[in-house]
Amino acid sequence: MLMKDAKKGPTEEIRRLAKAEGADAGALSALIAKGLVAAPRNSGRSFEGRAVGKLVSTKVNANVGTSKDYDDCDDEVKKAQIAVQYGADAVMDLSTGKDRDTVRKRLARELEVPLGTVPIYHAARKRRNAVDMTSDDLFNSVREHAKDGVDFVTVHCGVNRNALGRLKNDPRLLNIVSRGGALTMAWMLHNEKDNPFYEEFEYLLEIAREYDLTLSLGDGMRPGCMADASDRPEFMEIITLGELVRRCREADVQSIVEGPGHVPLDEVEMTVKAMKKLTGDAPLYLLGPLVTDIAPGYDHVVGAIGGSLAGMAGADFLCIVTPSEHLALPTADDIRDGVVVGKIAAHVADTVKEGQRERSREMDRRMSQARCDLDWKAQMSLAVDPERAEHIRGTRMTEGDTCSMCSDLCAIKLVKDALKSGKI
């Protein structure tokens, strides 16, 4: 187990992670041992890992997966491959279609990045009615996914009786928008029992230890709109998740905490810092956050705005949002667009993040130098999406080495030529 081994000093895997991050292996080992950095990798898989958390670069996850209406395994695998091609550091399979087992197994076999799933989706599909799930269905799904090589699983352990009571006392406009959270809450109300993942958390830890499975403690009570942000139900769950993080660390199980959701711009910093405080600075994984509700079709841009601000405040792992958010299952092009803007948001955050600031700003400096030199080849190689940059430039070329916006009135060229003349 990585977390347990890290307490003895840097392992070969930790040394590789440290090299990729430009970090000291001893320092990174200590952070992993304390649970401040996680590196999800199932003991049954072999690939170059990704470190998520304090002092390391901000990572990006892409969600793929079939649905009842669009159940095409090949298409979802292709989307995952495109996500990795354009820079996704991890992929989550959210499949709920009939072919969900095939999707998961193929992704575990074909991808070279951490793979995450949400086992409650699998458990719910085992029954005609989701509320008829059993505790065994839930834990068996976790074990099955772990056996298949899944590296991290989202488990909505914080959706318990306390959270339900708080939601009843503090009504929301949109109640619960997390699919896993909604399934858990519906099951609790129907069966008049508490959440099995919360009540039997020790069993969950046992499975995680067996496969070195990272637990991503899900945000089932995350706000789904501006009006519900930063409320008591949300923070009731976060307090519970903080307690579970402590239990994970005591058991040498790596954990990540998931967060909102929809958050007004002026509450992003407060939310991130509060979550970090309440969860012992656990690696923080955010969806977006989305900082306005009115942009369907452009929510990838909204998520990038929130993601940059969240990253500056301390978020470590950004789940991409695609243009299809709130509208439909994303296409391959949607995944690509979401990953690219997500990578931009992560880089923006890293330009101010402790441990990453100098490395990230050096990337910007190199691009600026290439622009100064009118070196288009270098500019393309440094671009987040070289393919798109080359396409735009190639469709509207001009004579010479300037762009077609300014042509012979290029400020950079004019000043450079003027300075060469040596005249005052």
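1. Asparagine 160 touches Met188, Asp194, Tyr198 and Thr240, when residues up to four places away in sequence are not counted; contact here means heavy atoms within 4.5 Å. The residue sits in the loop between strand 6 (152-155) and helix 8 (161-169), where helices (H or I, at least four residues) and strands (E, at least two) are DSSP runs numbered from the N terminus.

2. This is a predicted model, in which local features need pLDDT of at least 70 and side-chain atom pairs count only at pLDDT 80 or more, while totals for chains, interfaces and linings use all residues. Residues are numbered from 1 along each chain as its sequence is written, and side-chain values use heavy atoms, with hydrogens and water left out.

3. Asparagine 160 counts as buried because its relative accessibility is 1%; buried means under 20% relative accessible area, with a 1.4 Å probe and protein chains only. A polar atom of its side chain lies 3.2 Å from the backbone nitrogen of asparagine 162.

4. Alanine 123, found in helix 6 (residues 119-125), likewise counts as buried, at 0% relative accessibility. Leaving aside neighbours within four places in sequence, alanine 123 is in contact with Met133, Asp137, Leu138 and Ser141. From lysine 54, alanine 123 is 69 residues away in sequence and 33 Å away in space, C-alpha to C-alpha.

5. The largest pocket holds about 1,100 Å³ of space. On a 1 Å grid over the protein atoms alone, a pocket is an open set of points where a 1.4 Å probe fits, with protein on both sides within 12 Å along at least five of seven lines, and lining residues have an atom within 4 Å of a point; points are joined across faces, edges and corners, and the volume is the space filled by probe spheres set on them. Of the 46 residues lining the largest pocket, Asn63, Leu94, Arg222, Leu287 and Glu325 are the closest to its centre. Strand 9 gives the largest share of this lining, 3 residues.

6. By class, the lining of the largest pocket has 20 nonpolar, 17 polar and 9 charged residues, whereas that of the second largest pocket has 13 nonpolar, 6 polar and 14 charged. Ala, Val, Leu, Ile, Met, Phe, Trp, Tyr, Cys and Pro count as nonpolar, Asp, Glu, Lys and Arg as charged, and the others, Gly among them, as polar.

7. About 830 Å³ of space lies in the second largest pocket.

Technical notes. Buried < 20%, exposed > 50% of the residue type's maximum accessible area, 1.4 Å probe, protein only. Polar contact = N/O pair within 3.5 Å; in protein donor to acceptor, adjacent residues only side chain to side chain.
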